[in-house]
Each structure stands twice: as structure tokens, then as C-alpha cells.
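Me: I'd like to learn how to read a model like this one, feature by feature. Can we start with the strands and work outwards?

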Amino acid sequence: MNASAAKVVAQLKSEGAEVIVLLAHMTQAEAKSVAQATPGMDFILVSQNLPEPDDVRATAMQVGQSWLFSPANRGQVVSRLRLTRREAGSFSDAIGEVRAGFEITRIATKLDALDADLKKWASDPSADKAFVATKTKERDLLAKRRVALQNSPLQAPASGNYFTLAQLRISKDLDCQPEIVSAKNAYDKAAGSANVKAGADIKPAAVAKGEASYVGMEECENCHSDAVDFWQTTNHSKAWATLEKVGKQFDFDCIGCHTTGFDKPGGSNIGFNEGLRNIQCEQCHGPGSIHAEADLKDKAATIVRVPESSVCLGCHTEEHSDTFEFDAYLRNIVGEGHGADRRKTLGEGETGHTLRQDALQKAGLSVGKNCPK
């Protein structure tokens, strides 16, 4: 890799390239290694092991003459790099307005902590005076740094090249451009069609001898029509429709948590899922073929009657379901016809619906002009 990178850098420079940017589909550690071994690259955008959207890394990392930076994952943050080139040579970091805002916030947090400590030490006769003096100096320098950034966010050098890096959050309040929305929808549709075509001949893995297979909701309804009627009132019954609404029903990142038994023996996959769409009974209670065929006296032993919370956590992850709380969400999926006694045991209280609505209210319900909801 390093030898190849060095060869490309040399070729680009010989062709007159003034700025070289490497799009590095690798980890930050690997990118650092490339930067150290290959002088001449100005910027390296690192695209693996990206931080979570809440962890905005506003500062570029300098490695030799190269600067490494990363956006957040899942397209929630856009990296905007602005360059000012005055002469041949490397670039320096000029901060800029967006980055200054992050720095000012960070400094304010440190100042609050230092002020609290200094107040405590002022009333403590045993406090080390030299240590307190050092911390006071640190506090003063931080305060001056904050003022300097507030007055001059752009810290451009008097000479030489410089850049500013802005990590910009994508807010749902931002307006959408119809042509981009249309292009995105077309991509989702084309990618889904390609996924289905590629998986058209790949059936779900066979079930081992003696193990249960998935039979689908219609089989469950033969004996549990009251439970199925209740299920129809829950969001689990609409899981597939929520994907169809946004054209993501054949997206590998989504389908697994909107179908039953996905990629499990005898379950569903990208090409075979018609009878197992939505979060059906068997997603929580386990595959039901043996249960359906068992004698009445043996049925209870052939199915999971009370699923553990770990079953839910497979899909209700922090990434996709950040308000998940087991008892609250359970209140939405048990009731008359399906776990009525369990519902009484849970009693009144927050539900998954109320937790989600509260979170949406806090985040803001509005979306930008021309944006699909």
C-alpha cells in the first residue's frame, strides 16, 4: 500500500498537482501509517470506523505534513474543507468559524471546571500554592484563547497555505433539494432491485434435523386469532410498510429488523420473505413448525412462551431505537388477546410510544421544505 501510494503521489506531482487528497477506505491507524510512510499527501479523508454522529471530531489530526479528518457515520455530518493556497508547500490549520464554535464550547466547559476547583482551593489552607498558581495560569490562558477565538475565528497565518475544516451536522430542519431526493430514491430502488436479483436463487439455510422452521403468521392465526388481532394494532405489524414508505424494504441495513427470522435457518432472506414480512409472532417466540404440529399436551414445551429482553435488543439498539426501555415498550405489544395478564402486571406507566413521542418533541417535529417525512 505505502509503495503504491508513494508512486501515485510522485506521478501526480509530476503532472502538476498542487494539492493531493487521499480518500482512504481504511482505519485511522492505517491512514496514519500511510501518511508517515508517504510524504506529499496534503489531506487524508478516513472512511472506516467513523465516529458516531454525536461525536463530532472537529479537529484534523496532523501526521507529518498530512492532515487526517473523518466525517461521522451514516451521513449525519458533512466535512467541508476550504483551502487557501498561496504558494508551494504544506498547509496550516486556520480554525475557522465552525471549528471556533466547537473550541469555544470546549473551553467554556474546562473554565467552569477550573473555576469550581479554584474556588474550592481558595478556602483550603492546605492547598499547594504552586499547584494552584499553575492552575490559575492555565485558567487565564484558556480565557484569553476563548476571547481570541470569539474575536477572530479565522486564525489565518500571515504567509503560507492554510485550511479550515468544518464538520457540519445535517439537521432535518434543513431544506431538501427535490432533484437530490429524487436521485436518492432512484438509487434506493435500483439498489433494492439489484439485491433482490442477486438473492433470487439463494434460499434460506436449511433447518437441521429435529429443529423448528418458520411457518408465518397465517399458521399462528389458526389457533391464536385473538393474539393476531391484537398484533394488528401494534407497530410490529407495520414494520414492512415503514420500509416501503421510504423505499428501503430491500436494503440490507434495514430488512433484517423488519422481517421475521431473517438469515436464520428456515426463515427469510432478501429474496424469500413474502410470508415473513413484519415482526411476526415467531420473531419473539421462535420458529413454530414443531409447535404447530405438536399434540395439544406438548405444545407449551415447543415454543418460547415468555421471550427475554435480549430478543428485543437484537433490533432495538442504541443506534436505531435510542429510547428503548423493555417494560415501557412491552406495554405496547401485550394486552387483551396477547399477554393480558402480563399487561396487568406491568401496570400503568410510560410506553414505548410515549417515550418515542417525547424524544421527537424534544428533537423537533418539523422537517425542511421538500423533505420526505
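Reply: Helices (H or I, at least four residues) and strands (E, at least two) are themselves DSSP runs, numbered from the N terminus. This is a predicted model, where local features need pLDDT of at least 70 and side-chain atom pairs count only at pLDDT 80 or more, while totals for chains, interfaces and linings use all residues. Residues are numbered from 1 along each chain as its sequence is written, and side-chain values use heavy atoms, with hydrogens and water left out.

Me: Which residue in S7 stands opposite valine 78?

Reply: In general, strands of a sheet pair through backbone hydrogen bonds, either parallel or antiparallel. Here, leucine 168 in S7 is the residue facing valine 78. S5 and S7 (residues 161-169) run antiparallel to each other over 8 bridges.

Me: What is the order of the strands in the open sheet?

Reply: The order is S5-S7-S6, 3 strands with mixed pairing. S5 (77-84) and S6 (91-93) are the edge strands, each pairing on one side only. From one strand to the next, the twist averages 30 degrees. For angles, axes are lines fitted to C-alpha atoms, for helices over the stretch in contact, and the values run from 0 to 180 degrees between N-to-C directions.

Me: Which helix packs on the sheet?

Reply: That's H3 (residues 97-122), which touches S5, S6 and S7. Contact means heavy atoms within 4.5 Å. The direction of H3 makes about 70 degrees with that of S7.

Me: How do I read the aromatic pairs, and how many are there?

Reply: A pair of aromatic rings is described by the distance of the centres and the angle of the planes. Rings of Phe, Tyr and Trp (its six-membered ring) pair if their centres lie within 6.5 Å; planes under 30 degrees apart are stacked, over 60 edge-to-face, and the rest tilted. By this rule there are 6 aromatic pairs. In one of them, phenylalanine 43 and phenylalanine 163 have ring centres 5.2 Å apart and planes at 80 degrees, so the pair is edge-to-face. Phenylalanine 43 sits in S2 (residues 43-46) and phenylalanine 163 in S7, so this pair ties together parts 120 residues apart in sequence.

Me: Where is cysteine 281, and what is it in contact with?

Reply: Cysteine 281 is in H9 (residues 281-285). It counts as partly exposed because its relative accessibility is 22%. Leaving aside neighbours within four places in sequence, cysteine 281 contacts Met217, Cys220 and Gly286. Its C-alpha atom is 8.3 Å from that of threonine 260, 21 residues away along the chain.

Me: One backbone item to finish: what is the phi of aspartate 263?

Reply: Phi of aspartate 263 is near 60 degrees, a positive value in a residue other than glycine. Aspartate 263 belongs to the loop between H8 (239-246) and H9, and is exposed because its relative accessible area is 61%. Asparagine 370 also isn't a glycine and has a positive phi, about 70 degrees. Asparagine 370 is in the segment after H14 (352-363), and counts as partly exposed at 43%.

Terms used: Pairing = 2+ DSSP bridges. Buried < 20%, exposed > 50% of the residue type's maximum accessible area, 1.4 Å probe, protein only.
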